[in-house]
Amino acid sequence: MVSGLNELIPQARRAIASNDWAAVARIAADIQFRFPQKPDGHYLAAMAERKFGRAEKAAQYYERALQLDESRYDIAIEFAQHCLSLNRYPQARSLLGNYVGRADRSPVYLDMAGEVYSAMGLYELAWPLYEKALAIQPQVEVVQMHKAACAVYLGKIDHARAIYRSILDKTPGHQRAHFELAQLDRARDRSHIDEMEEALKAGSAKPSDNIFLYYALGKEHEDLEDWAPAFEYFERAGSAVKTVAKYDVAEDVELIDAIIDTCSTEWLTDGASTDTTARTPVFVVGLPRTGTTLTDRILSAHSRVQSAGE
């Protein structure tokens with residue numbers, strides 16, 4: 001029986017690699033039938049159900065897999081990640097609290113746990129996980145990017161800048177690193193603009209491949225009050241986004257109209273609490289590039305305020 005399971009697991013991995021989730025589901029069902037006390041069939045079924053968009057069903061499979069083998073930190077951390085899509089934040093945090101210590105030798109799952117904590121606004125818990133992951137595999141750019149983003153929320157701006165710079169030293173055309181670097185501060189000269197324009201020349205001619213660079217260039221030209229090139233790059237970015245985004249302005253209009261109709265003065269004051277000791281959400285709203293991200297970072301720097309992210 002063991003040899004049969006050892007054959008089925010590699011088959012499932014190959015199906016995952018080829019994005020054949022119907023095959024993954026079939027293999028998962030086979031494992032569940034032939035090896036009912038093994039967690040692997042339920043784990044694979046959870047992965048397939050997530051791809052099929054059946055979130056609650058996936059959660060049930062994750063729970064059953066952990067019941068069969070409570071030592072599987074990989075299943076637990078992936079389940080925690082899945083809990084975010086179900087708004088089960090307490091359960092996600094509990095899973096990570098119980099299992100993340102068992103993943104000390106896995107940079108993949110340390111990084112995944114860090115991303116779950118970050119998604120919940122718990123950047124101080126995510127930070128040491130990124131550090132551990134990079135101590136094991138220092139040159140993994142995706143983890144470096146995650147750590148840099150976390151550093152920004154923790155107020156470690158110089159640390160984030162150093163990470164982005166180290167990535168760009170190695171990969172000058174790394175568009176996301178250029179974009180994030182541009183967001184850290186107001187441009188004071190053309191030095192970074194020149195770097196990005198060189199990267200643009202050396203990279204793909206396809207506009208949809210250059211969206212991050214267009215936005216970063218627009219932002220830095222705007223910082224320098226070079227209005228014409230700023231407008232040009234923002235326009236190019238918007239046009240490129242349209243080619244890849246499934247966006248319908250009518251849906252936004254419908255949503256905004258529904259909010260206006262629903263959120264009247266009476267609706268906002270109905271049931272309002274007068275308890276000044278209660279934990280109260282603070283909503284930061286505004287149009288793009290009006291300072292909402294900066295306001296969020298300033299507020300979340302307070303010891304009694306926790307950001308939920310954008």
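Q: In this predicted model, buried means under 20% relative accessible area; by that cut-off, how many of the 13 residues of H13 are buried?
A: Helix H13 covers residues 211–223, and the buried residues in H13 are Ile211, Leu213, Tyr214, Ala216, Leu217, Gly218, Lys219, Glu220, His221 and Asp223. The helix is therefore described as mostly covered, given that buried means under 20% relative accessible area. The number of buried residues in H13 is 10.

Q: Which helices do the buried residues of H13 pack against?
A: The buried residues of H13 include Ile211, Leu213 and Tyr214. Their packing partners are three helices, given here with their residue ranges: H11 (175–183), H12 (191–202) and H14 (227–244).

Q: Which residue just after H13 takes a positive phi?
A: The residue lies in the loop between H13 and H14, and its phi is near 60°, a positive value in a residue other than glycine. The residue just after H13 with this positive phi is Glu225.

Q: Is Asn87 buried or exposed?
A: Asn87 sits in the loop between helix H5 (73–85) and helix H6 (89–99), where its phi is near 60°, a positive value in a residue other than glycine. Its relative accessibility is 56%, and the cut-off for the exposed class is over 50%. Asn87 therefore counts as exposed.

Q: Are H8 and H9 roughly parallel or roughly antiparallel?
A: Helix H8 (residues 123–136) and helix H9 (residues 141–153) pack with their axes 9 Å apart, at an angle of about 150°. Angles over 145 degrees count as roughly antiparallel, so the relation of H8 to H9 is roughly antiparallel.

Q: What distance does H8 reach from its first C-alpha to its last?
A: H8 has 14 residues, and its reach is close to the 20 Å expected at 1.5 Å a residue. Along this helix, Tyr123, Ala126, Trp127, Leu129, Tyr130, Ala133 and Leu134 are buried, and what covers them includes helix H7 (107–119), H9 and helix H10 (157–170). From its first C-alpha to its last, H8 reaches 20 Å.

How values were computed. Residues are numbered from 1 along each chain as its sequence is written. This is a predicted model: local features need pLDDT of at least 70, side-chain atom pairs count only at pLDDT 80 or more; totals for chains, interfaces and linings use all residues. Side-chain values use heavy atoms; hydrogens and water are left out. Axes are lines fitted to C-alpha atoms, for helices over the stretch in contact, and angles run from 0 to 180 degrees between N-to-C directions. Helices (H or I, at least four residues) and strands (E, at least two) are DSSP runs, numbered from the N terminus. Angles under 35 degrees count as roughly parallel, over 145 as roughly antiparallel, 65 to 115 as roughly perpendicular and the rest as oblique. The expected span of a helix is 1.5 Å times one less than its number of residues. Buried means under 20% relative accessible area, exposed over 50%, partly exposed in between (1.4 Å probe, protein chains only). Contact means heavy atoms within 4.5 Å.
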